[in-house]
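Work through these exercises with the model in view. Try each task before reading its solution.

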Amino acid sequence: MPRDGKKATQHKLVRIVRRQMRVLKRSRYPLRNSRFANHLYTDHQHVVLLALRQHFRKSYRDFCEILEVCDSLLEELGLRRVPHWTTLHKFSKRAETRRLERLLLAYLEEARVRVLYLAVDSTGFSSTSASTYYTRVLEARQSRLGRHRRGVLTRRYMKQTIAIETRKQLIVAVKFRRGPANDSPDFIWTLKKVLPAELPVKLVVADKGYDAESNHEYAQDVLGARTAIPVRAASRPKIKMRGKRRKKQARCFDKRGYDSHRPKVETVNSVEKRTMGSHVLARNTGQQHKELVFRALSYNSRRLESLLLLLVEVFYRARDWKNE
């Protein structure tokens, strides 16, 4: 860490907010989506605040109350007063999900990534904040009665499929749907969102749930990448294997590449849930999608700040070692 100077006293959240503003400007996100919008707040300020809300894991009301005492954050954002919680909620409803997802690709330029090594995986987010104990008791009670309660929230969840850049551990694409559902159909739709980055892809890694001939075909022919996806039928000789790409994958599977890159996506899912929770606060499906996009933006900002701090720490350790 810096030993002196103004930057040494800046809080980590202030640096994260500054980086998010820089990413918004670099990606040319519009300041105002309509010429009739008022000039009290910009869309950049709204996006940063909504991503910051995921960091605090608070409702709109509670988050705005916290901002009242965060003078440094308000100064960094150029805000003279805290917006009303309904202002943030209304912006979240009218913001375009596709445009917000494009912001994830801007972090690749911020991290100076030139070649992509991708890993794809999915995870689930609960649509209710009910405790695990309560849901298990509820399910056990219904099973003893020989029926299932209609509309029980524990049976449905928000499924998120992500593609990450494994070397920097940054989220580059997200795809959402209601779960439980099969993993394989989301593979191509998730990787399609990486194409606007216009960066070469060297390797695509995924688990057995994404083993399909069409997935290999898209990754190899469209992205020009090697694939490392275990074949399900390889462990069951009685099942006939179909597809020339799947057969080739079974013969020459890149185990070294798979073992090196596959755990990174599990790490990203784990960090995202540990730091920002495993359930969504919104109740509407569309708002749940946007909430998870803002969560991915918040994660990327924190990840880049952690990488920067790691580089600074290594630099000062090397300097101290040289002086000794």
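Predicted model: local features only at pLDDT ≥ 70, side-chain atom pairs only at ≥ 80, totals over all residues.

Residues are numbered from 1 along each chain as its sequence is written, and side-chain values use heavy atoms, leaving out hydrogens and water.

**Exercise 1.** Find which strands pair with strand 1 (residues 116–126).

Solution. Helices (H or I, at least four residues) and strands (E, at least two) are DSSP runs, numbered from the N terminus. Two strands pair if DSSP finds at least two bridges between them. Start with strand 4 (residues 201–205): it pairs with strand 1 in the parallel sense over four bridges. Here Leu116 has Val201 as its bridge partner. Next, take strand 2 (residues 157–165): nine bridges join it to strand 1, and the two run antiparallel. Ala119 is bridged to Ile164 there.

**Exercise 2.** Describe how helix 2 (residues 43–56) and helix 5 (residues 85–94) cross.

Solution. Their axes come within 10 Å and cross at roughly 100 degrees. Axes are lines fitted to C-alpha atoms over the stretch in contact, and angles run from 0 to 180 degrees between N-to-C directions. The helices are therefore roughly perpendicular (65 to 115 degrees).

Terms used. Parallel < 35°, antiparallel > 145°, perpendicular 65-115°, else oblique.
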